[in-house]
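Let's take a walk through this protein together. Have a look at the sequence and the 3D picture below, and then read on.

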Amino acid sequence: MKITVIGAGNVGATCANVMAQKELASELVLLDIKEGFAEGKALDIMQTASLLGFNTRVIGVTNDYSKTAGSDVVVVTSGIPRKPGMTREELIGTNAGIVKDVAANILKFSPNAIIVVISNPMDTMTYLTLKATGLPKNKVIGMGGILDSARFDTYLSLALGVPSSEVQGTVIGGHGDTTMIPLTRFATYNGIPASTLLSADELNKVVSDTMVGGATLTKLLGTSAWYAPGAAGAALVESIVRDEKKVFPCCVSLDGEYGQKDICIGVPVVIGKNGCEKIIDMKLNSDEQAAFNKSADAVRSMNGVLKELNIL
Ligand code: APR
């Protein structure tokens, strides 16, 4: 297996570090446009190999896509996080330009790769990658729902006073503070509905903490998070390269599922060696479906900016 990570910043380097430690590939390429940056991060990760006991070869390159050739999976983290005072359109414009260019290079050197999108706004960047590459829809997957669900698990476990590994929370919809939908009806502690163990107020607080999970960290750190996004990206790649068939909420192209078309948005899917192998219908109730439709409207309007800016 060969894996490439585009963008060696906070998220990309963390994701590469986790994947190297898990030995998900024999060769892992880290690429960045900043001269020497990916080379430095790659060397630093490689120098933990004897300490942590892994054999993945990590290579850093400055914008040299020939070194990424023949990758099985490519993770896209290149782009900028939103800065104070920046409009949504400006963020889309900047990151869309970067992601479109990156996608063309990936396709040129690794035409068979599965692409995992992490760059924000993630739903729109996934849609752009799918359209710009023309790849089949199983091969372009956005990571956001895995991260949002991990945050849901964290707040559920804190409220319940049980280990995070014992709770199961699913977040669908867009990957944004107001577009994500933590599904309380499906949240469980080892099969026991969380709603039977927590009061409505407690459960509402879990949901609101989850929805501002990213923003809370941005406020504390002055920039967006990286440990959980990096680990979430690595979990997605692991299910692909080990053909684990894990069910994760991921941003994928819908063609009538959940009543939506021509959009990439978070729904539960089976992830295996072919990428997104199946979309699972959770049989949403009418309130959940209404929230999903509203979320899809918001994501669609973000996608519309790509056309306004002549990027698609
Ligand atoms: N090609 C390759 N790398 C690029 C390009 C490009 N065209 N443009 C920018 N980069 C690199 C930058 O040089 C930087 O090293 O992408 C990296 C981004 O890293 P950070 O600034 O540390 O941002 P990070 O926190 O990692 O977030 C990256 O993931 O979670 C999302 O919202 C986040 O969109 C953002 C992305």
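Helices (H or I, at least four residues) and strands (E, at least two) are DSSP runs, numbered from the N terminus. The peptide bond leading from N120 to P121 is cis, with omega near -5°. Another backbone detail belongs to K283, which has a positive phi of about 55° although K283 is not a glycine. K283 is found in the loop between β14 (275-279) and α10 (286-308).

A word on where this comes from. The model is predicted, so local features need pLDDT of at least 70 and side-chain atom pairs count only at pLDDT 80 or more, while totals for chains, interfaces and linings use all residues. Residues are numbered from 1 along each chain as its sequence is written, and side-chain values use heavy atoms, with hydrogens and water left out.

Now to the ligand. Which residues come nearest to the ligand? Of the 19 residues around the ligand (a heavy atom within 4 Å), the nearest are N10, V11, D32, T77 and N120. Some of them make polar contacts, meaning pairs of N or O atoms within 3.5 Å:

| Residue | Part of the residue (N or O atom) | Distance to a ligand oxygen atom |
|---|---|---|
| N10 | backbone | 2.9 Å |
| D32 | side chain | 2.6 Å |
| N120 | side chain | 2.9 Å |

Taken alone, the ligand exposes 730 Å², and the protein buries 86% of that; such areas come from the Shrake-Rupley method with a 1.4 Å probe. The elements giving two or more residues to the shell are α1 (10-21) and α4 (88-109). The largest share, three residues, comes from α4. By class, the shell has eight nonpolar, nine polar and two charged residues. Here Ala, Val, Leu, Ile, Met, Phe, Trp, Tyr, Cys and Pro count as nonpolar, Asp, Glu, Lys and Arg as charged, and the others, Gly among them, as polar.

Finally, step back to the whole chain. The chain is divided into domain 1 (2-142) and domain 2 (145-308), with bounds from an automatic or database domain assignment. Their centres, taken over C-alpha atoms, are separated by 22 Å. How many residues of each domain meet the other? In contact (heavy atoms within 4.5 Å) are 35 residues of domain 1 and 42 residues of domain 2. Between them, the two domains bury about 3,100 Å², 68% of it on carbon and sulfur atoms. Buried area is the accessible area (1.4 Å probe) that two parts lose on being put together, summed over both.

Definitions and conventions. A polar contact is a pair of N or O atoms within 3.5 Å; within protein, one must be able to donate a hydrogen and the other to accept it, and residues adjacent in sequence count only if both atoms are side-chain atoms.
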